[in-house]
Amino acid sequence: MKLLHFYFVAVIILISTISYSQTIVAYKNNDLSFGDVFIGYSENVEHTDPRAAKFNFYHTKFFFADLLLSFNLPKFLTNGKDKLPIEFDFNHAAWSNRDRTTGRNTINPNTPNELRRLFFYLPVYVWLGGKIQTNSTLSPGNYNGTITITIEYL
């Protein structure tokens with residue numbers, strides 16, 4: 001059986017619409033990884049899976065702030081000329097003020113998400129998984145894509 005390896009390179013882009021004294025600080029903790037997948041099989045990484053992408057951020061606007069979180073997601077993972085479709089939905093994205101698998105708020109990663117009344121300097125965690133379905137036309141190798149996250153004040 002042919003073996004494929006899938007992973008993402010994640011990029012965080014911060015956009016602040018307030019003055020420089022009110023910033024947003026963000027970190028990438030983990031890239032989304034599907035690991036080794038045999039050709040002809042699917043793989044699903046939900047936001048609770050340790051292989052999901054994980055980010056955290058906080059804002060410095062005094063007391064509470066409303067933020068807009070949006071993703072620029074790839075439609076395909078690529079390996080040279082080969083393209084593999086990838087899907088994202090409510091089972092694949094969530095956020096929380098706590099770094100744990102329970103109590104997360106699911107979000108749609110395909111649309112901008114408003115996060116309301118976030119307390120300053122309190123970390124916000126964001127997780128993102130995805131789903132792939134391989135087919136026999138793909139070449140073995142590493143497939144990758146880029147996730148861009150934009151966080152801005154409302």
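Two strands are taken to pair if DSSP finds at least two bridges between them. In this predicted model, β10 and β11 meet that criterion, pairing in the antiparallel sense over two bridges. Within this pairing, Ala94 stands opposite Thr106 in β11. The two strands belong to an open sheet of five strands with the order β3-β6-β13-β10-β11 and antiparallel pairing. The edges of the sheet are formed by β3 (24-30) and β11 (105-106), each of which pairs on one side only. Strands of a sheet pair through backbone hydrogen bonds, in either a parallel or an antiparallel arrangement.

For the protein chain as a whole, the secondary structure comes to zero helices and 16 strands. The chain has 154 residues, of which 42% are buried. Among contacts with a separation of 6 or more, 79% are between residues 24 or more positions apart. The accessible surface of the chain comes to about 8,000 Å², and carbon and sulfur atoms account for 51% of that area.

The largest nonpolar core contains 33 residues, and the members that touch the most others are Phe34, Phe57, Leu67, Leu69, Phe71, Leu128 and Ile147. Two or more residues are given to this core by each of β4 (33-38), β6 (53-59), β7 (64-72), β9 (82-87), β10 (93-96), β12 (113-119), β13 (124-128) and β16 (146-153). In soluble globular proteins, nonpolar side chains tend to be buried together. The surroundings of Leu67 were examined individually: leaving aside residues up to four places away in sequence, Leu67 touches Ile24, Phe57, His59, Asn113, Glu114, Leu115, Leu118, Ile151, Glu152, Tyr153 and Leu154.

Aromatic side chains form ten pairs in the structure. One of these joins Phe62 and Phe120 in an edge-to-face arrangement, with 5.1 Å centre to centre and 70° between the planes. Phe62 lies in the loop between β6 and β7, and Phe120 in the loop between β12 and β13, so the pair ties together parts that are 58 residues apart in sequence. The two partners fall into separate accessibility classes: Phe62 is exposed, with a relative accessible area of 62%, whereas Phe120 counts as buried at 19%, the limit for that class being under 20%. Both residues also belong to a cluster in which ring pairs link Tyr58, Phe62, Phe63, Phe64, Phe119, Phe120 and Tyr121.

Charged side chains were also found over aromatic rings. Arg104 lies over the face of Trp127, at 3.4 Å from the ring centre. Lys83 is placed over the face of Phe76, at 5.4 Å from the ring centre.

Backbone torsions were considered next. Most residues other than glycine have a negative phi. Phe63, although not a glycine, has a positive phi of about 70°. Phe63 lies in the loop between β6 and β7 and is partly exposed, with a relative accessible area of 38%. Ring pairs include Phe63 in the aromatic cluster described above. Arg117 is likewise a residue other than glycine with a positive phi, near 50°. Arg117 is located in strand β12 and counts as exposed, at 57% relative accessibility.

Technical notes:
Residues numbered from 1 in each chain as written. Predicted model: local features only at pLDDT ≥ 70, side-chain atom pairs only at ≥ 80, totals over all residues. Heavy atoms only, no water. Core = buried A, V, L, I, M, F, W, Y, C linked by side-chain atoms within 4.5 Å. Buried < 20%, exposed > 50% of the residue type's maximum accessible area, 1.4 Å probe, protein only. Helix = DSSP H or I, 4+ residues; strand = E, 2+ residues; numbered from the N terminus. Contact = heavy atoms within 4.5 Å. Phe/Tyr/Trp six-rings, centres within 6.5 Å; stacked < 30°, edge-to-face > 60°. Lys NZ or Arg CZ within 6 Å of the ring centre and 35° of its normal. Areas by Shrake-Rupley, 256 points an atom, 1.4 Å probe, with all protein chains shown as cover.
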